[in-house]
Amino acid sequence: MRKMIAIIRYEYKMQFERLATWGVLLAATVFALLDNYPSASNLARLEFLNEPAYFVYRTMSLNGFVLMFGLMFLLAERFPLDHKTGMKLLLMSHALQKRQYILGKLLGGFLYAFSILCIFLTLNTAVYFVAAPFPIPLLDCIVPLVKAIIVSAFPVSLFVSLCSVALPGMIDIRLFYLFAAILFGINAAYVGSANAAPFYMITSGDLIRLIWVNPKWSFNDTGSIIANGAFLMGSGLVFGSLLILRHKFWRSE
Amino acid sequence: MIRRATSEIKIIGINFFIISAAFTSALIVLSVIAGELLNFYPVSFEVMFPFFVTIAVGEWGKTRADSNFDMIAAQSNSLFHWVLLRYVITFGISSLFAIFCMMLSSAFRYELPLWELLIIYLPPAFFLSSLCALFGIYYTGEHIATLACGIVWLIVLLVRSLLRISGVEYIYLFIRYADEQNPVWLWNKIIIAAIGLFLWGVIYLKCKKINNFCFT
């Protein structure tokens with residue numbers, strides 16, 4: 001357990017010290033503020049921007065999506081890099097179990113992605129709270145923010161981090177990038193509607209409707225919400241487990 | 001030159017060909033099964049294939065992230081020639097796969113002539129891959145160039161509503177995907193290609209600067 005915690009700690013700390021992490025966070029924050037900053041023009045353009053819940057919903061579904069795409073690249077190289085630098089061979093020669101190594105990497109990646117997403121949402125909500133040209137009770141911002149962190153940020157981080165760390169351990173990292181680009185591309189092309197969203201939506205699936213629902217659309221499709229949650233958490237856990245089950249990963253025989 | 005090109009192809013490795021062939025095959029299958037609902041050509045050749053080419057240039061045609069970069073920069077007379085050759089090989093081979101995919105998918109669903117498909121495909125692919133080559137010559141970290149171009153690609157996909165602003169249609173990267181009937185799409189492609197050429201001017205200056213630094 002102690003060794004696994006050491007790996008988690010290293011992964012978490014190392015990722016936070018990378019300039020690219022802050023570059024991605026900065027790019028996503030600038031994009032979010034250009035899109036959702038409560039300026040007169042944005043308030044005129046977006047009908048519900050005066051509602052804090054809508055702001056959090058939009059920041060998570062649209063701008064959080066860009067952030068997760070960037071983090072996917074940063075997380076994907078964890079296993080290939082260890083393999084390339086010979087670190088994996090070094091670790092294999094230690095009294096370290098395969099399970100400890102993989103779980104350390106996966107959990108470290110998850111905690112990192114979840115923390116960055118929480119920082120991103122909190123930062124944007126704080127800017128919205130301070131800059132809004134109308135009075136907002138603090139609780140009106142905090143409630144949707146906490147909801148977004150629990151119902152959306154957690155499963156999304158789990159999906160992105162576990163898939164991004166685990167899959168390049170099994171397939172060529174470039175092939176993984178291609179798969180991820182196709183999935184993210186399909187997500188980006190999706191236009192929201194009153195009907196249930198496809199289950200494979202990452203940040204704009206029906207889970208996000210637990211934060212805010214368009215008042216013009218009545219939505220009570222619980223099955224679709226469960227399907228989206230199951231896809232995000234289930235596929236993350238399945239890919240993570242596949243790597244643990246793969247014998248060839250740790251010993252070549 | 002042929003010997004150098006052969007050597008570069010060997011460095012790129014077999015995975016590049018396997019993944020390119022798999023991606024091309026997947027798109028051909030999609031062209032058969034997609035039906036009329038999917039706007040197949042813009043999605044495939046204006047959005048997806050250019051990003052695949054970008055991944056190829058960033059990952060297989062890496063320059064500064066190459067572990068031998070310092071040695072190559074110190075020993076070659078012109079770093080720019082090496083960067084250009086590596087780019088031309090990765091871009092060229094991926095584009096050959098794209099053309100093959102266009103020809104085969106046109107056999108199953110003829111909607112647009114081949115020359116129009118080429119015009120739809122080449123400028124965004126050239127721009128995004130040139131941007132990737134530019135990031136590749138500036139940053140030493142592996143995957144950083146692909147990451148930066150990936151974020152640009154995704155943001156451009158997400159901001160298609162900006163087309164409501166007059167003038168944006170001239171520089172929006174995926175004009176046929178966002179607005180197929182837009183009359184300025186050909187101008188848009190010319191401008192995108194010109195920006196791509198400008199990026200190569202910046203790459204040339206950067207290579208010259210590195211070369212000068214190595215020889216002084």
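From the N terminus on, the elements of chain A run α-α-α-α-α-α-α-α-α-α, where helices (H or I, at least four residues) and strands (E, at least two) are DSSP runs numbered from the N terminus. The model is predicted: local features need pLDDT of at least 70 and side-chain atom pairs count only at pLDDT 80 or more, whereas totals for chains, interfaces and linings use all residues. Residues are numbered from 1 along each chain as its sequence is written, and chains are lettered from A and ligands numbered from 1 in the order in which they are written.

Along its principal axes, the C-alpha trace of chain A spans about 65 × 35 × 30 Å. Of the 253 residues of chain A, 41% count as buried; a residue is buried if 20 or more other C-beta atoms lie within 10 Å of its own, exposed if 12 or fewer, and partly exposed in between, with C-beta atoms placed from the backbone. Among the contacts in chain A with a separation of 6 or more, 82% are accounted for by residues 24 or more positions apart. Two residues are in contact if their C-beta atoms, placed from the backbone, lie within 7 Å.

Two helix pairs of chain A were examined. The axes of helix α1 (residues 2–17) and helix α7 (residues 98–131) of chain A come within 8 Å and cross at roughly 40°. Axes are lines fitted to C-alpha atoms, for helices over the stretch in contact, and angles run from 0 to 180 degrees between N-to-C directions. The crossing of α1(A) and α7(A) is right-handed; a crossing is left-handed if the near helix is turned anticlockwise from the far one by less than a right angle, and right-handed if clockwise. Residues of α1(A) in this contact include A:M4, A:I7, A:I8 and A:Y12, and those of α7(A) include A:Y101, A:G104, A:G108 and A:L111.

In the second pair, the axes of helix α8 (residues 138–166) and helix α10 (residues 222–245) of chain A come within 8 Å and cross at roughly 25°. This angle makes α8(A) roughly parallel to α10(A), given that angles under 35 degrees count as roughly parallel, over 145 as roughly antiparallel, 65 to 115 as roughly perpendicular and the rest as oblique. The crossing of α8(A) past α10(A) is left-handed. Among the residues that meet here are A:P155, A:F159 and A:L162 of α8(A), together with A:L232, A:G236 and A:L243 of α10(A). Helix α8 of chain A also holds A:V151, which counts as partly exposed because it has 18 C-beta neighbours inside 10 Å. Residues up to four places away in sequence aside, A:V151 touches A:L207, A:L210 and A:I211.

Chain B has nine helices and zero strands. Its radius of gyration is 18 Å, close to the 17 Å that the globule rule gives for 216 residues, so chain B is as compact as a globular protein of that length. The C-alpha trace of chain B spans about 60 × 40 × 25 Å along its principal axes, and buried residues make up 43% of the 216 residues. Residues 24 or more positions apart account for 74% of the contacts in chain B with a separation of 6 or more.

Between the chains, 19 residues of chain A are in contact with 21 residues of chain B. On the side of chain A that touches chain B, α2, α4 and α9 each supply at least two residues. Helix α9(A) gives the most to that side, with nine residues.

Helix α7 of chain B (residues 144–158) has 15 residues and should span 21 Å at 1.5 Å a residue; its end C-alpha atoms are 21 Å apart, which agrees. The expected span is 1.5 Å times one less than the number of residues. Helix α7(B) is mostly covered, with 11 of its 15 residues buried, including B:I144, B:C149, B:W153 and B:L157. The buried residues of α7(B) pack against α2 (19–36), α4 (52–76) and α9 (173–189) of chain A, and against α3 (40–59) and α6 (114–138) of chain B. In the loop between α6 and α7 of chain B lies B:H143, which counts as buried because it has 24 C-beta neighbours inside 10 Å. The phi of B:H143 is near 70°, a positive value in a residue other than glycine.

Methods:
Rg over C-alpha atoms; globule rule 2.2 N^0.38 Å.
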